[in-house]
Amino acid sequence: MLRIEELAIQLQKEIKRKDEFLANTSHELRNPLHGIINITQSILRNRKRQLDEKTEDDLTLQLTIGHHMSRTLEDLLDITRLKEHRIHLQLEDIDVKAVSIGVIDMLKVLIENKDVQMEVDIPDDFPHVAADKSRLIQILFNLLHNAVKYTDEGTITVASYIKDGMGHIQIADTGMGMDEKTLQTIFEPYKQGDSSITAIGGGLGLGLSICRQLVELHGGTLRADSVLGEGSVFIFTLPLAEESSEKRTAPIKTPLMNGSEPPLKKMLGAMNLMIESSAKTTRFASYRPRVLAVDDDPVNLRVLTNILSEDKYEVEVVTSGKEALEKLEGNEWDLVISDVMMPKMSGYELTRSIREKFSISELPILLLTARGHTEDIYTGFLAGANDYVIKPVDAVELNARVHALTDLQVSINERLRMEAAWLQAQIRPHFLLNTLNAIVSLSEIDISRMAKLLDKFALYLQSSFYMKNVDKLVPLESELELIESYLYIENERFGNKLRVEWEIGKTENVMIPPLSIQTLVENAVNHGVLKRISGGTIMIRIQSNGDYTEISVIDDGVGMDEEQIKRIFTIQPDRKKGIGLINTEQRLKQSYGKGLHINSTLNVGTTITFTVPNNIPLQ
């Protein structure tokens, strides 16, 4: 009997040594593994154009394997933490649907391409559960990732229902399923149903064991049903949240809400105030960056607006991704702050939708994520986010990150405005000399034409150095005066080789970015009709369509193919010419969310169009 007890004690010691070895090994492997991942990502990001298709595919596969290994190491660490009771839950009032949508978005990015549809079938009014958000994401991620591994085609569905006072979350797939023997062992550590699975799909068999232990920590259960060849269903339960205002404030905790601040926080806060104070000398005193905050929880939005003080930022809030996209239409913003886990449209999906219209420099996006795990952050940056903050949000950190992003955005806006003014101020020497030569020539043959040309040239020079060219918007009539004087000068120089037509509708109360039409007209003259020996015709068309005015510059010049159009909007470090169209495109997108639309056919001509809303006040 004594011998058995000694062996049991010895076994426990060996198990502990094994766990310690696994934990230490995991820690030691993390740094070199993350180094491999980072180098691979860097090559794919910075040298993608230099890679052939096979090399790019191989590196993408290596990245997938690296992320899988990273998750495996995290599983090893979690197994040790669970055994040593070192995982403590931070219970919150959680919307399961919002979390499920966010997790599925992560998996869409990280998994290999399969003919699998992933759906969330949870009612909008399904009660919230009391759970640790980070751990709930981990549970759902592991269960859904497991479903994807064993489902080659078909559907994977997340559903929910209430039974016996508990929330039941169900993950069902139409995959390969399991036999009864496998089903009995899947929740044991280091067990897998199919040892023939490759390194990409396999692992150490820890995921389901971790899921069950995490669910049980919440006071719930996890079970599975499966039929071989037909699919599997995993169901776990969580307690329903108490609908109290105190509970609902749990997701975000800040030093401002905790009463007193630790000394370090006070020091950081003071430093942040000093940075903001010094930065004011480089900003417009009256300008407050406009921030759009997106979160399905009104309490979280209220806390965010409290953190971002009214005297520094103009904050507007919405409770869904759809509302956020509507707010972006026709309004200018300096920053979007969005929660990741939201119902119907996750923060990742919202970010991808915004990036279809605005580049990463045109409109920064700051994501709020429940945890700082690789897949969360990787998915956010891959979707197009500029930065992220991990919940619970720290007021000092959030202010510092918002301050950095909005300051950068203000600087970019000012650079674009000054660049536009600079572009116009750079009167080309040959244009100046040719115009003066035309004036001299007319002095000998037609004094009245010379006088009119001098008048138009003076107007052109005055408009070129017009101080309001640094303004964000100017009246459309002012821009048309500049264009008329420019085209008159060019028409005097080139005669019948340059013909001009005007179709001008209503122009009252229409504001446009300065020099936007002028840039298009100069492009049409110099790179369109004058490239033809016989010259051609340029038409300026202004059409009012209710709430919007459509502005088009049309020429029958040499035209462009698709590759030439693509090159116009490709910014290159050593590029010295052609930045006018890029500048115009960026300023239009910043002001209205839409840039230039180019329709061109080689040897036929080009039409460039943009639209602006009517009745925009002068800024």
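Buried means under 20% relative accessible area. I'm jotting that down before anything else, and also that this is a predicted model.

**Entry: arginine 290**
I looked up arginine 290 and got a relative accessible area of 19%, so it counts as buried. Next I checked its charged partners. Arginine 290 makes a salt bridge with glutamate 314, with the closest N and O atoms 3.4 Å apart. Arginine 290 sits in strand β8 (residues 290-294) and glutamate 314 in strand β9 (residues 314-318), so this pair ties together parts 24 residues apart in sequence. Glutamate 314 comes out as partly exposed, at 32%.

Arginine 290 also meets glutamate 316 in a salt bridge, at 3.7 Å from N to O. Glutamate 316 is in strand β9 too, so here the parts tied together are 26 residues apart. I noted glutamate 316 as partly exposed, at 25% relative accessibility. Shared partners join Arg290, Glu314, Glu316 and Lys327 into one salt-bridge network.

**Entry: lysine 97**
I found 14 salt bridges in the structure. One of them pairs aspartate 124 with lysine 97, and their closest N and O atoms are 2.5 Å apart. Lysine 97 belongs to helix α3 (residues 96-110), while aspartate 124 is in the loop between β2 and β3, 27 residues away. Lysine 97 is buried, at 12%.

**Entry: histidine 168**
Last stop: histidine 168, in strand β5 (residues 166-173). Is histidine 168 buried or exposed? I got 7% relative accessible area, so buried. Its side chain reaches the backbone oxygen of methionine 166 at 3.2 Å. Beyond its neighbours within four places in sequence, histidine 168 touches several residues, including Tyr161, Arg223 and Phe236.

Terms used. Residues numbered from 1 in each chain as written. Predicted model: local features only at pLDDT ≥ 70, side-chain atom pairs only at ≥ 80, totals over all residues. Heavy atoms only, no water. Helix = DSSP H or I, 4+ residues; strand = E, 2+ residues; numbered from the N terminus. Buried < 20%, exposed > 50% of the residue type's maximum accessible area, 1.4 Å probe, protein only. Polar contact = N/O pair within 3.5 Å; in protein donor to acceptor, adjacent residues only side chain to side chain. Contact = heavy atoms within 4.5 Å. Salt bridge = Lys/Arg side-chain N within 4 Å of Asp/Glu carboxyl O.
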